[in-house]
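Dear colleague,

Please find the structure below, together with its sequence. A summary of the findings comes after it.

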Amino acid sequence: MDQNIDSLIQWDFIVGHANYWMFIVLMMTGLFIVVARGNLVKKIVGLNIFQVSVFMLYISVGKVSGGTAPIYQVDSQGNLLFDPTIVYSNPLPHVLILTAIVVGIATTSLGLALVVRINEEFNTIEEDELLAIEQEMSAADNKEHGSAMGGRA
Amino acid sequence: MHHHLILRVVTKMLVGTIILFALYVQFHGDFSPGGGFQAGVIMSVAFILYGIVFGLSQAEVVFPPWLVHKTMALGVLIYGTTGVFSLLLGYDFLDYGAFSPDHPSHGQHWGIFAVELGVGITVTGVMVGIYYAFASRPPPMDDEDW
Amino acid sequence: MIETFINITLFAMQVLTALFIVRSKRLFSVVMLSGVFSLLTALFFVALDAVDVAFTEAAVGAGISTVLMLGTIALTARTQKKTAPTGYLPYLVVAVTGAALVYGTLDMPSFGDPMAPAHQHVAPEYLARSVTDIDVPNVVTAILASYRGYDTLGETAVVFTAGIGVLMLLSGLRRRRDEDDVKIVKNKAAKAKDRA
């Protein structure tokens, strides 16, 4: 019976994939903040969490078990010691994510700048209030110009 | 923040150290973790810290906005020029072997140095520029209301 | 074994931080918690051998992005207002998306598998060749600046463009304020003249 359960639940598989599922949990937390919370600053924090969990997924794909950080040792003369028995983790995802983090902060700051401008224009950063203001504005526009423009905007 | 004496003294001590550390990260990036992106961010943190503690106007005296804006473009320009330079020497775009044909790995060292410098300068400029842009907006309420 | 333990502990702390971010109404604590989240992520990256990435995440996530978000809430609002109840729709969206993503991971290679396709393509070649080609100890720097120099040029241009975008969005009011200053000075001068 025990053997049956063991073969039914593949522990190797679960342990080998648990890391990816962790990142999916984090990613979904970020997505939840973006979808369910109306405050624009909080939405950007949620987007950051989402983005960071994607980074972690990439980095964990590059991990080799038993490996170490991809930096070679140097001897006292400054020559590189390349020892083929040392296992290094895959450096390629590191490069991609390193640049992605800096691009991420640049785009985040662009989003924050948009939030500041929205606040200056409408005096609120709550999504539902903004939608209400927008509807009011378009209703007013329709009332004034609707017939001349040939129907509702 | 005129009354925060400890903050101001500690900031004065830290700013120089942070800039030194940024330069270390920039130029030691070939041998240890680090490089242009990280160095640029750390360098900009020094100016941002100065700006937060001593006020934006003081920071703008140290690193004037027109210079920040030029810095943003200068880094990309250095990067692109490195590529064009290797192109003019008859090699591929961004093929650093061009800078030392007899000893290609030395050329690679020069190329990586120039390119990382460009990245660091641009990132410094952009981060400080973004901070200036945010900090120079008039806040809707005073410091005392926090 | 110890690696799994470290990973799970860091993950639990991250999820806790994220849940507090979901719950908190005060934006100041949200921003501070996002800084904490970044530092935990940096620790995770170290555990996964990505020291360069950890360095960047610590400097960017806990440093610059916290400062910018504090600047934003100083210019906008301190608290999140109560949102209208959204019902079960967000939970449904999140559950369906999560299930689809978990389904997508099922045929991925196991974590840390040295035979995974990602480690069979160009990466071993970079690792072996950079010793003679580039002669730089840090392979990440070698790939970033030399093998993948085009990518990095593009990324630098993106950072530059985002900086220009922020400046265009936020630097319009400066001029108006200076004009106001000029007006105030003129008014003062006029009043002084009247008095005289």
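Predicted model: local features only at pLDDT ≥ 70, side-chain atom pairs only at ≥ 80, totals over all residues.

Residues are numbered from 1 along each chain as its sequence is written, chains are lettered from A in the order in which they are written, and side-chain values use heavy atoms, leaving out hydrogens and water.

Chain A contains five helices and two strands, these being DSSP runs (helices H or I, at least four residues; strands E, at least two). Their order along the sequence is α-α-α-β-β-α-α.

The radius of gyration of chain A is 26 Å, whereas a compact globule of 153 residues would have one near 15 Å; the value is taken over C-alpha atoms, and the globule rule is 2.2 Å times the number of residues to the power 0.38. Along the principal axes, the C-alpha atoms of chain A fill a box of roughly 80 × 60 × 30 Å.

Turning to the interface, eleven residues of chain A and ten residues of chain B take part in the contact (heavy atoms within 4.5 Å). The two chains bury about 880 Å² between them, with 79% of it on carbon and sulfur atoms; this is the accessible area (1.4 Å probe) that two parts lose on being put together, summed over both. On the side of chain B, the residues that lose the most area to chain A are B:Phe37, B:Phe134 and B:Arg137, together 53% of what that side buries.

Yours sincerely
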